[in-house]
Amino acid sequence: MAETTSGSSNAIHEEGTTVNRAVLQLLRHRMHDGSTPQNRSDDARLVLLIEGGSSRGAYSSGMTIAIEQLGLLPLFDAVYGSSAGALNAAWLLCGRAESTQHAWWDKTIMTGTIAPLRLLRRQPVVDTRFLVHTVYTELMPMGFREILDNPVEFHPIATDAHTGLPVDLHSRIRDQASLQSALRASTAMPFLAGEPVEIGGRRYVDAGISETVPIATALAQHATHIVALRTKRSDETTATAPTRAERMLLGRWFARHAPGAANPWRHRVVMRAEEELLLAAHPAIVQIRPPAGSAHIGRTERRPHLMRSAVATGRQAAWDALAVCVEPGR
């Protein structure tokens, strides 16, 4: 890694990944002390943010595997996830990030979850109900109890269909059923995943409409130190304006199912730019991205070799950035 000549002198940059020394020092300190959420010797609030992106979540899944393997999860006070990032957060919190990584390239799971031809039958292209209620309970059981009991807080984000604002569903989670609903709400992609998900009389759509990386929510809840797992390379465009075809097709869907979410969806370029500014300006942040040359993964990518490669690439990127916290001599 090489020192930057601009910006914070406390940051190191390599291939889009930004590593802040203050965050590494806090991680090392907590690791050395055996710190846990119930037993902290500092007053920092260290949070993990996991970006969404549907199939691009394979990259952040690999990153969570590194965090699990390095034993870093107890050092965080909370994990925030948007869309696919919320799913990866859940697997990390129940201690099964590594053991379930094959789901990203398992043909049965991926083709059952993402099937573009279902659109011809007016069925969801992305079947989150199958994923959360079948895969996560029968084919590859998720540790729902472990997530609920974990002292590291879980904050899945969704978008309120009426207001268009990001909503932290943490307080709505009480048991397995409400946890499953929160996971579905965070991943309820407009049009592609069917209708919004209702929780407590409110309807929610995908977190990515309002907050792809939940930085604003985390800051509002007093995060002092941040590790952000990103799913796009730094040289990739963070967002593009809706095309004319998208405006025609999804415009009708929003008008019918989520009128409040239409405005942030239409102005996503501006919103993403503001999000990036918040991330870049934070004085104590580590941002881990897929390195230059990594594959571009589309939202509905299913090809096993690409998905497997993305998981491995994400794991290595996070390991390279964070292993120093448990290997001080590196």
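Q: What should I know before we start?
A: This is a predicted model, in which local features need pLDDT of at least 70, side-chain atom pairs count only at pLDDT 80 or more, and totals for chains, interfaces and linings use all residues. Residues are numbered from 1 along each chain as its sequence is written, and side-chain values use heavy atoms, with hydrogens and water left out.

Q: How many cavities of 30 Å³ or more does the search find?
A: The search of the whole structure finds 1 cavity of that size. On a 1 Å grid over the protein atoms alone, a cavity is a set of points where a 1.4 Å probe fits but cannot get out, whereas a pocket is an open set with protein on both sides within 12 Å along at least five of seven lines.

Q: And how much space lies in the largest cavity?
A: About 340 Å³ lies in the largest cavity. A volume is the space filled by probe spheres set on the grid points, which are joined across faces, edges and corners.

Q: Which residues are the closest to its centre?
A: Ala-84, Leu-87, Trp-104, Leu-131 and Tyr-136 are the closest to the centre, out of 26 residues that line the largest cavity. Lining residues have an atom within 4 Å of a point.

Q: Which helices supply at least two residues each of that lining?
A: They are H2 (57-70), H3 (84-93), H4 (107-113) and H5 (128-139). The largest share, 4 residues, comes from H3. Helices (H or I, at least four residues) and strands (E, at least two) are DSSP runs, numbered from the N terminus.

Q: What classes do the lining residues of the largest cavity divide into?
A: They divide into 14 nonpolar, 11 polar and 1 charged. Here Ala, Val, Leu, Ile, Met, Phe, Trp, Tyr, Cys and Pro count as nonpolar, Asp, Glu, Lys and Arg as charged, and the others, Gly among them, as polar.

Q: Back to H3: how many of its residues are buried?
A: Helix H3 is mostly covered, with 10 of its 10 residues buried. Buried means under 20% relative accessible area, exposed over 50%, and partly exposed in between (1.4 Å probe, protein chains only). The buried residues of H3 include Asn-88 and Trp-91. After H3 comes Gly-95, whose phi is positive, near 75°.

Q: Now the rings: how many aromatic pairs are there?
A: The count comes to 3 aromatic pairs. Rings of Phe, Tyr and Trp (its six-membered ring) pair if their centres lie within 6.5 Å; planes under 30 degrees apart count as stacked, over 60 as edge-to-face and the rest as tilted.

Q: Why is the pair of Trp-91 and Tyr-136 called edge-to-face?
A: The ring centres of Trp-91 and Tyr-136 are 5.0 Å apart and their planes are at 85°, so this pair is edge-to-face. Because Trp-91 lies in helix H3 and Tyr-136 in helix H5, the pair ties together parts that are 45 residues apart in sequence. Both Trp-91 and Tyr-136 are buried.

Q: Which residues do ring pairs link into a cluster?
A: Trp-253, Phe-254 and Trp-265 are linked in this way.

Q: What about the pockets? How much space lies in the largest one?
A: The largest pocket holds about 840 Å³ of space. Among the 36 residues lining the largest pocket, Arg-56, Gly-208, Thr-238, Arg-268 and Arg-299 are the closest to its centre. The lining of the largest pocket divides into 12 nonpolar, 12 polar and 12 charged residues.

Q: And the second largest pocket, how much space is there?
A: About 410 Å³ lies in the second largest pocket. Its lining residues include Trp-253 and His-257. By class, the lining of the second largest pocket has 5 nonpolar, 3 polar and 4 charged residues.

Q: Where is Ala-261?
A: Ala-261 is in the loop between helix H9 (244-257) and helix H10 (262-266). Ala-261 counts as buried because its relative accessibility is 0%. Leaving aside neighbours within four places in sequence, Ala-261 is in contact (heavy atoms within 4.5 Å) with Thr-159, Ala-161, Gly-164, Val-205, Ile-209 and Phe-254.

Q: Last one: which strand holds Ala-228?
A: Ala-228 lies in strand S10 (residues 225-229). The C-alpha atoms of Ala-228 and Gln-287 are separated by 4.7 Å, although these residues are 59 residues apart along the chain.
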